[in-house]
Every structure is written in structure tokens, then in C-alpha cells.
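Visitor: Please show me the model, and then let us go through it by question and answer.

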Amino acid sequence: MPSRAGTPPADSPRDEPSETPPSETPVIEAPALIDAAALIEVAGLNRVYRRPRTSLTRPGEAVHALRDVSLTVRRGERFGIVGESGSGKSTLLRLLCGLDRPTSGSVRFDGREITGLPERGLRFLRENLQIVFQDPMSSLDPRMRVRDLVAEPLVALGLPVGGRVAELLEEVGLPASAADRYPHQFSGGQRQRIAIARALAPKPKVLVADEPVSALDVSVRGQILNLLADLVDELGLTLVFVSHDLAVVRHVCETVAVMSGGEIVETGPVDDVWARPAHPYTRALLEAVPTLEGLL
Amino acid sequence: MLSVDGLDVHAGPVRLVRDVSFGIGPGERVGLIGESGSGKSLTALSLMGLLPEGVTASGRATLDGDDLVGVPERRLKRLRGREVSMVFQEPMTALNPLMRVGAQVAEVMTLHGRPRAEARERAVHLLGRVRLPRPEQIARAYPHQLSGGQRQRVMLAIALANEPRLLICDEPTTALDVTVQKQMLELIAEVAPALLFITHDLAVVASVCERVVVMYGGRVVESGPIREVFTNPRHRYTEGLLAASRLTPRGTRLPTIKGSVPAAGGFPDGCVFRNRCPHATEACEQEPALTGDGHAFACWHPAG
């Protein structure tokens, strides 16, 4: 049962500027100041880290983790971010989630700027955006029972817990008895289900999944990807899906941004990027992944 | 060359690996695939005599007539790193952070009796052989100064140092980026004398090996030539695993294997896969034997 109906992008009133008079010369995608369908808008984002200094006279070396990154995630969209280690995808994710501050640039969530806000000003973001991490072994506190793990985001936000834990466990396909057990008593796939239940607790609009299936066995990977797809449909979620595997992103997402060296080198509908990669890096990435179909 | 016959691994009363048999010929590249808990890594570790404390192996495994299982440490020491060597998954934890990598490559040779100066010289040569740029400089670097892919190449140089007859690789590319993985796989296929390649990734195994052994629940459930097994799987587990690793178009359901891999010791009697198998019947309470020449499988209701 969907607990909250999603807003399909087509319903938004200010979305389509297509009713321009036909006599005019066709307007070529004038950059709209406010895109009502946009949920996350990233503009000109830079993040520079400084390495620890190695000399007394010179400051540490600067590392450009993100260079001028801009992207828009629309409501209800499944947006994939692909890149290898060091590509800047984790830095971007941390900034999207308000876990780090950019050196320059802006991140707007639902029209509100989140960069530079103190933690107490980020409540609207914490309620509406939740994360599922790669390794459910290290993202779940081994000393907490599943009941408390799943309820923790609610408690932290001061929201009522009530019967929500049982509801969430059912949603992710775990038995109610799971609530009394500890994370180590579950397999990797089940732990990832717990992590998903926990992320969904405050009824977020956006689910950010950071390599959610990379640590899982092949036979359970499908279960988790199916579950994510079902939840995104039922709850009308917007999904930001980070992976190193373009094939997985192609199965899950409609849109993809390929990152390399702190920049987005290519972005667009995932099927186009898959079939006709424009950037040499994307091509190299596609060629490097061994596929059974290609080998047999 | 390598022959494993009826290998069992126990942790106290729990049998973790049961009756595993396979062989590797000279120059052959064999893949050992399975999910976590399938016993694939324990099988490899027992061939190296590196099982953790409290875990014991029994059965028979020989490399050109030399016993590998159930022999005293003193005899194993002479084989390990010389006749059989291994590349582990995590190059960060497998290398000594306080030692320059050249010295680490040389160490495995001096331990097996090569003079120190000669070992040093050869270490640089080996680092070049695994295609590290400027091997003289790399030899003087510490592991933390290298990238993950470079560290894994150093591991490979160590493994190859004494020209072993058999190289065992346990998920050597799992921690690496895909573009680096591709180079590493090509390199392994090129330099390995005979290879036992352990992985959970079917596509990786298909790109490196000629033959495959599929493990589940500590048992070999199917084995045979890669192309044969992957295009015409007979065991229902192999069939399910292959289906699950093919990503279908967006908006469609991915095929899955129901349930999850049981914890060690929690596998059912009879056919180990029967509690997850859609074709299981009463017959599966009896243990199926691994039968077949070339392409062998242990299933009462085989596919195809």
C-alpha cells in the first residue's frame, strides 16, 4: 500500500513552457530560472581538499575533488551516477546529502539552498532525503537491535515511532520477528533490506543509494534491485543511484551522469549513453566491463 | 599436475567443505566460482596450508606428486611461495606497510635460498614483468605510495618470484576499478603458469579461464569447460546463478534465486541447494553424486 502518493512530474503546473505561439521562431530550451520538476539542482559545484602539509613553508597540495559540477534530478526520476574510485562521486554524494560543504557552488533541494546551512537548519533535508550505504556490515551498528536501528532516524528527528518498524520490515520483505535480532544474525542481502527499511523510516522523497549491491552476492543482488524498483514505484520516490557498474545503472535508472576526475564527462538518458557513448572515458568504461554475453 | 581428491575442511564438528575433487593440468586455467560461504576460499587456503587455527583439512591434494594436505608445516614451507603461490583479494592488508616493495619481492626469494643481491636485482625485473612503470623507482616505494592496482601487481610479482608451478588467485580484482581490473586480468592470464582463479563474478571467470568448478555449500555442484557450463548449465544452482547475473532491461523483474545462502553448517542434507531450488522433490533428500565426463554435475533434476 503506498503510504504517500508521489507527484508525477507531468502534473506540475509550471513545468512545460511548450505553449509558446507557433508563429515565433522555435525557442531553443531557454534556461528556466525555476524548474518546478527539479527536486535537486546542483550548479557550479567545486570541492577542493587540502592534503596535509609536508613542508613548513608551503601549504599542503590542493586536490580538486569536484570541478564545476552541475546537474538536475527531477521529481520521480531515477538518476544514476557512474564513476570509478577517485572520480568524485562520493564527494558529490556527500554534498547532495548535506554531509560536507562545497568550496563554491550551490545545491538546492526542493528549491531551498542547503550549502552553508548549519546542521539544525537541515531538518527538511534529513526528513526528505535518506541514504543506503554500500556495506550493510559497517553501516549498521552491531550493538543495536534491528528495531532500534530502523526507528533511529525517527527518534533522531523527533517523529513518532508507533507501529512504523513492523510496517517497514514488511515493506522490505523481512519477518516481524527480525525486529528483536542483531545485524550479525542476518545475511548480507537481509542486512541491506534492514538498511533500506531504516532509510525509508521518515518517509523521504529521495532515496540515495551508494553502491547498494556492490557488496552482495549475485544471487541476492537481483532481490535487492527488484525491491528498490518496487519501493520507488510504490512510494513515488526519487532515486539517486551511485554505482561503478554502468550495466546495473542501465537496469535501474533512466538518466545517468558519468564522472571522471571530479567532472561529469557525459550525461543523458542511460540508453543513449550505453548505445552511443560520446566521451572516450565512457567508452573505456564500457569496454572494460566483462559481460557473459560478450564472452560466450 | 594439481590433483585434489575428496578434500574436506572441518571447523570442529562443522563440515565446511565436503568431498571436493578437481584437477588442473600444466598451463591450464581453472576458475573456482561460488558465492560467499560456498567454501571456495577455504579450498584454496587448504591447498596453501594456510587454514586459520581450529580449521583442519583432510583428504588428498597433490602437486606433481608432492602432498599438500596433511603434511607437516616444515615440508609445506618448502613448497609455499616456491611451487604454489597465491594472490589475495586485499593488496592493502597483504603487503607489509613498513617495508619497501622491492624488499618484499626479494624476501620471498631469499627465503627460498636465493642470494640477497641476486634477489634484489630480480625483484626489479619482476616488477617490470608485471608492467609497473619505472620498476627501479617502484622497488623503493612503500605500499601506501602505490595505487590499488599497482599494489596488486606487486602482489603478483611476489607470487611469481620463484617461478611457481601453480598460481592461486583469490578474488584478485574485486577491490579494483573495472578499467584496472581488465588490465590485471589480461596480465594474470598471460603470466600464470597454471592457474586456480577464485571469484564470485561469472563474467570475470569467463574472461580468464578455460574450465570452471562451481561450488555451493562446500560442495562442487558442477564442473566442466566454461563455454559448456555457461551456455548449457545442468545444475539448478548454476542455472539460477547465470540467470541472476544477466541484467534485464529497465522496468522488468530480475530473475532471482529465492532465499539467501545459509550460514556455515546450515545447509540441508542431501542436495545442498534443495531448500532454495524451485525443482526440489523428495529425491533431493538423497545426496546426488557428481557424475559426468568433462562436464559433470550433481543434481537429481538437471536442467537442459
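Guide: Before the first question, two definitions: the expected span of a helix is 1.5 Å times one less than its number of residues, while helices (H or I, at least four residues) and strands (E, at least two) are DSSP runs, numbered from the N terminus. This is a predicted model, in which local features need pLDDT of at least 70 and side-chain atom pairs count only at pLDDT 80 or more, whereas totals for chains, interfaces and linings use all residues. Residues are numbered from 1 along each chain as its sequence is written, and chains are lettered from A and ligands numbered from 1 in the order in which they are written.

Visitor: How far does helix 8 of chain B reach from its first C-alpha to its last?
Guide: Helix 8 of chain B has 14 residues, and at 1.5 Å a residue the expected span is 20 Å. The computed reach is close to that expectation, at 20 Å.

Visitor: Which residues of helix 8 of chain B are buried?
Guide: A residue is buried if 20 or more other C-beta atoms lie within 10 Å of its own, exposed if 12 or fewer, and partly exposed in between, with C-beta atoms placed from the backbone. In helix 8 of chain B, those that count as buried are Val180(B), Gln181(B), Met184(B), Leu185(B) and Ile188(B).

Visitor: Which element of chain A do the buried residues of helix 8 of chain B pack against?
Guide: Two residues are in contact if their C-beta atoms, placed from the backbone, lie within 7 Å. Within chain B, the partners are helix 7 (148–160), strand 7 (166–170), strand 8 (195–199) and helix 9. From chain A, the partner is helix 10 (280–288).

Visitor: Which helix of chain B gives the largest share of the side that touches chain A?
Guide: The contact takes 31 residues from chain B and 29 residues from chain A. Helix 8 (178–191), helix 9 (202–208), helix 10 (226–231) and helix 11 (236–244) of chain B each supply at least two residues of the chain B side. The largest share, 5 residues, comes from helix 9 of chain B.

Visitor: Which helix gives the most to the side of domain 1 of chain B that touches domain 2 of chain B?
Guide: An automatic or database domain assignment is where the bounds come from, and for chain B it gives domain 1 (2–83 + 164–297) and domain 2 (97–161). In the contact, 12 residues of domain 1 of chain B meet 11 residues of domain 2 of chain B. With 5 residues, the helix that gives the most to the domain 1 side is helix 8 of chain B.

Visitor: Which residues of helix 5 of chain A are buried, and on how wide an arc?
Guide: Helix 5 of chain A covers residues 164–171, and Val165(A), Leu168(A) and Leu169(A) are buried there. They line one face of the helix, because seen down its axis they fall within an arc of 100°.

Visitor: How many C-beta neighbours does Pro136(A) have inside 10 Å?
Guide: Pro136(A) is found in helix 3 (residues 136–139) of chain A. Leaving aside neighbours within four places in sequence, Pro136(A) has contacts that include Gly188(A) and Arg191(A). Pro136(A) counts as buried because its C-beta neighbours inside 10 Å number 25.

Methods. Arc of directions from axis to C-beta.
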